[in-house]
Amino acid sequence: MLNEEEVLGGGFLDADSSKYFLGGTNNATSSSINRSLSMPPLYSSQLSVDANPWNTDSQFETAVPDIGQNSTGGQNAVDDDILGTNLTAASVLVGVDLPETYDTAYLRARPVGERVSLDSLEKVIELAELSPRIVQEILNIVVPVGAMYVTHNEFNTAIALVACEQKNMDVSLQTVYQHRNDLPSPILLNLDQFNVKRATQHPNILKQQQHQQQQRSTTTNKMDDPWLSVPNGHVNNTNGKLEEIRSAPTSMSRPKLGLNNGSTTPSRSRSMDNTHQIQQQQPNGSDNNNNHHHHDQLLRPDENGKFLNDHHDHHHPIGPTDSYQWFLDLDLVKVAVAPEKEGFIFKHVNYVIESQLRSSKVLRRYSDFYWLWETLLKRYPMRVIPNLPPKKLGGKDESFLEKRRKGLSRFINSIVRHPTLKCDQVVETFLTEPSELLAWRRANPPIVDEEFVRNMPNATEFECYIPQDLDTRLESIKSRLPIITDHYNNKCIVLDRLIRICEVQSREFVRYSITLNAMSEVEQECYVPGCQSCSQVVRGYETVAKHMQRAGTILDEQALAAANGVLENLKRHRDLLISFKEMIERKERLELNQIDSLSKKISANKAKVNQNRGVPGLESEVERLDIAIQSDQDKLTYQLNRDTHIRYCITSELSYIHKQQAFISLMYQNYVHEQLQFTRQLGDNWKVLQGLSCEMPIDPDEFV
């Protein structure tokens, strides 16, 4: 009896394995061994016209078309004739199923338009720790003469050559071709954490643009993005020294955005039959060795755009390279419901908060989250503060607790991703203080003055960072926010329905499998004595039931990954937009000032002083006016600085919201990549079942 190991190990889709699908070994069928499986060999049995009870000359249609074959040709994509003279790196693996590692390496190389730069290719190959001579030999084989990049197929060939070298096989295209159906997976160290910063244009054009950018005025760049540099003298430290630079370990490998990858098994991909390859939005610098010594300290950028420790509330913009690094150095905070409730009379739920960056695990209540949210609103009224999920009084079922847990997770992860809020000492305490937070905050009540009052920065240094059209930009995004938010709500609703459909489909597959197994028990013995065909059909029932249950498991994992991944990230971005809208409303309410009235009052008093100065008997009046002018001048300066600081904060938050588009791109790339993986698993499952189902008898004459 044919089993799964024979199907997978022997390559039941290969020409040599067509015996599994054909009904006999006569001469009439031997000529069709090398035909494409897109033809219907599954039912090319010895049924004659007379034996056909439907009395038709046509054969049965293929029940399950082979999704793994090209439908445009009747021969294999790579013909045996090319082995001698026409074998190239671009053609040797066309149409071949490749291990998942090949796709992962390709995505980590950050391709642009199905092309990978030579520098990125070399960096990926270096992960295999081969000798320089072998690396150069591989590059000589796969890189065309004078080329500045390699294609997707050439990249796959390079990875295959790396795997051949690691298996002590000959490094040549002939070796790759001979083992194309059983290619080994290469060992690439730390591939999941590896990323190459993607170059979107030709290297010569990039050099020219970099040269032009260096010649531009710094002020122009500052007005476009307040993160680009730090005002002179704005970095403050109590001892006047910059502490050791630290940043988080790279946490943007696939599961760090809430994607559930752990339950999926490695699948195989078709080299170039996929119409579109997913490119992961994981920027990283060219030097990947700088991230090994980074750990858990608070992040502060200095005047060079680097991060340093600062336990005070002096927050600074992020430099041009560190905005990229900020994208990578994101903390991942896990929120889980504690297994046991606390309280004598009224039980309350505790949450286990685990910070990856800080290596901390603490216990918090919902009221602690609410206190953090309320405190941050007071300390940072001009920053985007995400909202909390609602509090529910009375009974709390499991569904409500799970929804609230996810809402709390979105809240705290949005906080630790914000370049300013993540550095706040209150946030640090919330994530690291091991004792009960209620007792701590009673003993150490934090200062709740707003950001400008606590820091008192020289706001004039921020003026060059504020674009002249800030009000226009605000009005533009303000008018679109309600519409965009509604669209995100609709997307969340639709995606939730799709996930539920997938869950229902998973359950129905399992239910059908159970029913089929029950039927196989009933039909173990045929009512016709001596019938062997029915026992083969029953074994087929069991095989189909097993693989339908496997399909249900895959669909369940797919639904879970989407629920914890793309759906949560859509909700996170929706919450961010809502919070930005609320911040604009707070700005309109809190930015009220007396700048105009104070200016008029100062001008009027100065005029009186000039008129009365030197007049006998009015010296006391002049002195009083001078004191009033100085007091009003101090108030005016304070309010002008505060107004400038508010506009700078709004500019920074606009830039922050704008940069979130990178997460949207990454979210969809992850989603498509996950769907592709699950689709491959489903396809492999049905392919295996297709081979095993061929042992079920289909000739009516066998059922006498």
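A residue is called buried when its relative accessible area is under 20%, exposed when that area is over 50%, and partly exposed in between, using a 1.4 Å probe and protein chains only. Good morning, colleagues. The model before you is predicted: local features need pLDDT of at least 70, side-chain atom pairs count only at pLDDT 80 or more, and totals for chains, interfaces and linings use all residues. Residues are numbered from 1 along each chain as its sequence is written, and side-chain values use heavy atoms, with hydrogens and water left out.

My subject is salt bridges, each defined as a side-chain nitrogen of Lys or Arg within 4 Å of a carboxyl oxygen of Asp or Glu. By this rule, there are 25 salt bridges.

I begin with Arg642 and Glu450, whose side chains form a salt bridge at 3.2 Å, N to O. This pair links distant parts of the chain, 192 residues apart: Arg642 belongs to helix α20 (residues 619-692), and Glu450 to the loop between α14 (437-443) and α15 (451-455). Helices here are DSSP runs of H or I, at least four residues, numbered from the N terminus. Arg642 is buried, at 15% relative accessible area, and Glu450 is buried at 19%.

Helix α20 also holds Glu621 and Arg624, 3 residues apart, about one turn of the helix. Their side chains meet in a salt bridge of 2.5 Å, N to O. Glu621 is partly exposed at 27% relative accessible area, as is Arg624 at 45%.

Finally, a network of salt bridges links Arg410, Glu568, Arg574 and Asp575. Thank you.

Methods: Helix = DSSP H or I, 4+ residues; strand = E, 2+ residues; numbered from the N terminus.
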